Amino acid sequence: MRSIPNKFSQYADRIRGLASQFLNDPAAIPNLRMESCQIRNREVTMCYAPFDHVNRDARIVIVGMTPGRQQAANALRAAQAALMKGMPLDEAAKEAKVFASFSGSMRGNLVRMLDLVGVAELLGLETTATLWDRDSTLVHFTSALRYPVFVDGDNWSGNPDMVKTPELRCWLEDYTGEELAALPNTILVPLGPKVTAALNHLASLGKIDKNRIMAGL
């Protein structure tokens with residue numbers, strides 16, 4: 001079985017010890033900072049939030065850009081609560097990932113879009129809204145940049161370009177590239193043209209099958 005990068009055990013103790021008032025802004029927590037670089041006089045930072053869990057039984061993978069500040073905070077809160085209950089690390093990581101993936105107002109928009117293009121029908125569901133609860137075994141959620149990325153403290157929104165910028169391209173290949181390579185039989189649903197370009201790049205490296213990319217959303 002292909003190994004997938006997973007940093008949850010490395011950060012679990014730090015997450016347990018986070019004071020609640022700091023959870024709203026993961027980008028401001030120094031011991032969650034993973035990588036940082038200067039790109040065209042802008043500080044680009046990748047921070048840790050628990051988006052490591054991989055559902056190897058998934059039939060479909062929904063791929064966003066990168067977790068934003070709200071999703072990262074939700075994942076950290078869920079992980080902290082699970083760890084404080086004494087959950088094993090793998091269960092805590094799973095709970096945090098499913099709870100926080102595409103959380104907030106964006107989830108309703110995403111469900112409507114997925115239902116409209118036929119994903120619910122493809123999976124034999126009435127609506128893709130159930131992918132976040134009873135039908136979560138069918139789906140794997142991830143992002144082109146797996147861990148939250150911020151530019152000068154703001155959510156990264158695609159600039160600098162993740163394929164054309166060496167540092168971001170490395171993050172794409174090393175984390176999401178290896179993650180998706182371990183799910184060779186899934187349908188890949190990229191959310192938007194920048195994510196589609198990222199998946200096409202991974203396909204050019206042989207990490208994923210281009211024929212499995214459901215482009216055009």
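Leaving aside its neighbours within four places in sequence, with which residues is threonine 130 in contact? Threonine 130 is in contact with Leu125, Asp135 and Ser136, where contact means heavy atoms within 4.5 Å. The model is predicted, so that local features need pLDDT of at least 70 and side-chain atom pairs count only at pLDDT 80 or more, while totals for chains, interfaces and linings use all residues. Residues are numbered from 1 along each chain as its sequence is written, and side-chain values use heavy atoms, with hydrogens and water left out.

Threonine 130 lies in the loop between helix H5 (119-123) and E4; helices (H or I, at least four residues) and strands (E, at least two) are DSSP runs, numbered from the N terminus. This threonine 130 is buried, with a relative accessible area of 10%, because buried means under 20% relative accessible area, computed with a 1.4 Å probe on protein chains only.

| Pair | Value |
|---|---|
| Threonine 130 and aspartate 135, side chains | polar contact of 2.6 Å |
| Threonine 130 and valine 111, C-alpha to C-alpha | 9.3 Å |

A polar contact is a pair of N or O atoms within 3.5 Å, one able to donate a hydrogen and the other to accept it within protein, and residues adjacent in sequence count only if both atoms are side-chain atoms.

Strand E4 belongs to an open sheet of three strands with parallel pairing, in the order E4-E3-E7; two strands pair if DSSP finds at least two bridges between them. The edge strands, E4 (139-143) and E7 (187-190), each pair on one side only. Four bridges join strand E3 (residues 60-64) to E7, and isoleucine 60 stands opposite isoleucine 187 in E7.

Notes: Buried means under 20% relative accessible area, exposed over 50%, partly exposed in between (1.4 Å probe, protein chains only).
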